[in-house]
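Here is a short briefing to read alongside your viewer. Keep the structure open as you go through the points, which are grouped by topic.

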Amino acid sequence: MKKLWARKEIRYIFFALVIGFIVLWLGGFFTPKIKSKRITLVVKKVSGLKIEKVELVNNLETPYMGLVIPNLRAELTSRVFGRVLKVNVKEGQNVSTGQLLIIMDSEDIRAQINSLGAEWKAAEALLKSAEAQYEAQAKTFSRYEALLKEKAVTPQEYDEVKARYESAKEQVKAAQDKLKSIAYLRKALHAQLSYTDLRAPFAGVVVEKKVDVGDIVSPGQVLLILEKGPHKIEAELPVKYLKELPLGQEVKIELGSEPNKRISKGKVVERSEAVDPQSQTFRVKIALLNNEKITSGEVVKILLPERGNFILIPTKSIYKRNDFTGVFVVNPEGKIELRFVKLGLFRGDKVEVLSGLNASDRIVVEGLEKACDGCVIE
C-alpha cells in the first residue's frame, strides 16, 4: 500500500515539473534578454522640390453662367389635323415675314365648305318662302284686327288668324337663324383653311424643322421654330450685384472654350427689379457690343469683379487621393505637412482655396511625387 502511494506522489511531482517547465518556457525564461534602449526616429529628407508662397489677391473676376437667347422666338404649331403636303424651308434658312413655309392637306375642309354652299342655297330658299308666308299672314292678321274692332269676326276666328301669323313669324326667324349658323360654320372652315398654309410671323431664321412631307400632324404639334436676332445673354445673378449693374452698365463676357476662348464686351439692356426670394438672384439681359457670332442656346460666362481676400494656388500643386484633396505645406523649419484644403473656382492654371491655407503659407508646387507628410527639405 505504501509503495502504491509513493508511485502516485512521484507521478504528481513529475507532472508538476513538466507544467512548470512549459510555463517558464512560454514566459521567455530560457530566452536571452535584450537590453532596452531609446529608439531614434529617422526623418526622411527630400530634395528637388519647388516651393512657392501662396498668392493673395484682393480682386477677382468671378464667372457667372449666362444663356444666349434670341430677340424673338416662335414655335409654329399646327391648328388643324392633317397631312403635310409640302415643306418649303430647311434648317438654317432665312425667311421673310409672311413667307409660305408649310402646306397641309386641305381637301376635307374644302369639301365641307362646298357642302355648306348647297345648304346655304336651301336655307335662302326656305327663308324666302317663310318671308312670303309671313307677309301674307301679316296682311290677313291686320285685316282681322280691324274686323274684330267692328265685331265682324268672332274672337275665335281672330285667334286662329293670329296663331297662323305668329307661326309664320317664327318660321322666318328659324330660317334666318339657319342662315346665320351656316355663315358662322363657313367662316370657321375658312379660318381652318387658312391654317393649312403656315406662314412666317416675322423675318428670321429656321432653327429647327420638326416635320417632313407626308407626316400626319395634330393640333398643337410644333412644326417649325423660328428665331430672330440680335441675340442676348440672359443670366440669374446674385443680389449683391443689383446696384452695381444698372441699365447701360458694361460687363466682360467670356465666349467659347479652350483653345478658342475669347473675351468680349456686353451692355445691360434689361434688368429685373424683383429678387427671387429662394435663390436671392435677379434676372438681367445683356447685349453684346461687338459683332461676335453667338448661337441660341450657347452657354457663356459673365465676368464680374469681386472684392475680398482670396488665396490662389497653382492647380499643379494639388494632391488628390480618392476623396482627399490637399497640398503639401512647408513650415519655417522645412518640415512638410500634407494639409486638407477646400477648393473654390478654377481660374485658368490656378484655383481658389476657400479653407485650409493661410496667406503666409508656403507650398510645394513641383515634385509632388517626392514629397511626403513629415518629410524634411534637404
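Three helices and 23 strands make up the secondary structure of this chain, and the model is a predicted one. Of its 378 residues, 30% count as buried. The chain exposes about 25,300 Å², with carbon and sulfur atoms supplying 54% of that area. Among contacts between residues at least 6 apart in sequence, 72% join residues at least 24 apart.

- Four strands form an open sheet in the order 8-7-5-10, and their pairing is antiparallel.
- The edges of this sheet are strand 8 (197–199) and strand 10 (216–217), each of which pairs on one side only.
- Strands of a sheet pair through backbone hydrogen bonds, either parallel or antiparallel.
- Strand 7 (residues 100–104) and strand 8 run antiparallel and are joined by three bridges.
- If you want a residue pair to look at here, take Ile103, whose bridge partner in strand 8 is Asp197.

**Salt bridges**

- Side chains of opposite charge can pair when their charged atoms come close.
- The count of salt bridges in this model comes to 19.
- Arg73, Glu75 and Glu227 are linked in a network of salt bridges.
- What does the pair of Glu227 and Arg73 tie together? Glu227 belongs to strand 11 (residues 222–228) and Arg73 to strand 4 (residues 72–77), so the pair links parts that are 154 residues apart in sequence.
- Arg73 has a relative accessible area of 46%, so it is classed as partly exposed.
- Glu75 likewise counts as partly exposed, because its relative accessibility is 46%.
- Elsewhere, the side chains of Lys210 and Glu208 meet in a salt bridge with an N to O distance of 3.1 Å.
- Lys210 is partly exposed at 42% relative accessibility, and Glu208 is partly exposed with a relative accessible area of 31%.

**Aromatic pairs**

- A pair of aromatic rings is described by the distance of the centres and the angle of the planes.
- The model holds four aromatic pairs.
- One of them is formed by Phe324 and Phe340, with 6.0 Å from centre to centre and 50 degrees between the planes.
- Phe324 sits in strand 18 (residues 324–330) and Phe340 in strand 19 (residues 336–340), so the pair ties together parts that are 16 residues apart in sequence.
- Phe324 counts as partly exposed, because its relative accessibility is 27%.

**Thr62, a residue in strand 3**

- Thr62 is found in strand 3 (residues 55–69).
- Thr62 counts as buried because its relative accessibility is 6%, and the class takes in values under 20%.
- Which side chain makes a polar contact with the side chain of Thr62? The partner is Glu306, at 2.5 Å.
- Leaving out residues up to four places away in sequence, Thr62 touches Ile302, Leu303, Leu304, Glu306, Leu345 and Arg347.

**Gly374, a residue in a loop**

- Where does Gly374 lie? Gly374 is in the loop between strand 22 (362–366) and strand 23 (376–377).
- With a relative accessibility of 27%, Gly374 counts as partly exposed.
- The C-alpha atoms of Gly374 and Lys44 are separated by 7.8 Å, although these residues are 330 apart along the chain.
- Beyond its neighbours within four places in sequence, Gly374 is in contact with Val43, Lys335 and Ile336.

Technical notes: Residues are numbered from 1 along each chain as its sequence is written. This is a predicted model: local features need pLDDT of at least 70, side-chain atom pairs count only at pLDDT 80 or more; totals for chains, interfaces and linings use all residues. Side-chain values use heavy atoms; hydrogens and water are left out. Helices (H or I, at least four residues) and strands (E, at least two) are DSSP runs, numbered from the N terminus. Buried means under 20% relative accessible area, exposed over 50%, partly exposed in between (1.4 Å probe, protein chains only). Contact means heavy atoms within 4.5 Å. A polar contact is a pair of N or O atoms within 3.5 Å; within protein, one must be able to donate a hydrogen and the other to accept it, and residues adjacent in sequence count only if both atoms are side-chain atoms. Two strands pair if DSSP finds at least two bridges between them. A salt bridge is a side-chain nitrogen of Lys or Arg within 4 Å of a carboxyl oxygen of Asp or Glu. Rings of Phe, Tyr and Trp (its six-membered ring) pair if their centres lie within 6.5 Å; planes under 30 degrees apart count as stacked, over 60 as edge-to-face and the rest as tilted. Accessible areas come from the Shrake-Rupley method with a 1.4 Å probe; for residues, only the protein chains shown count as cover.
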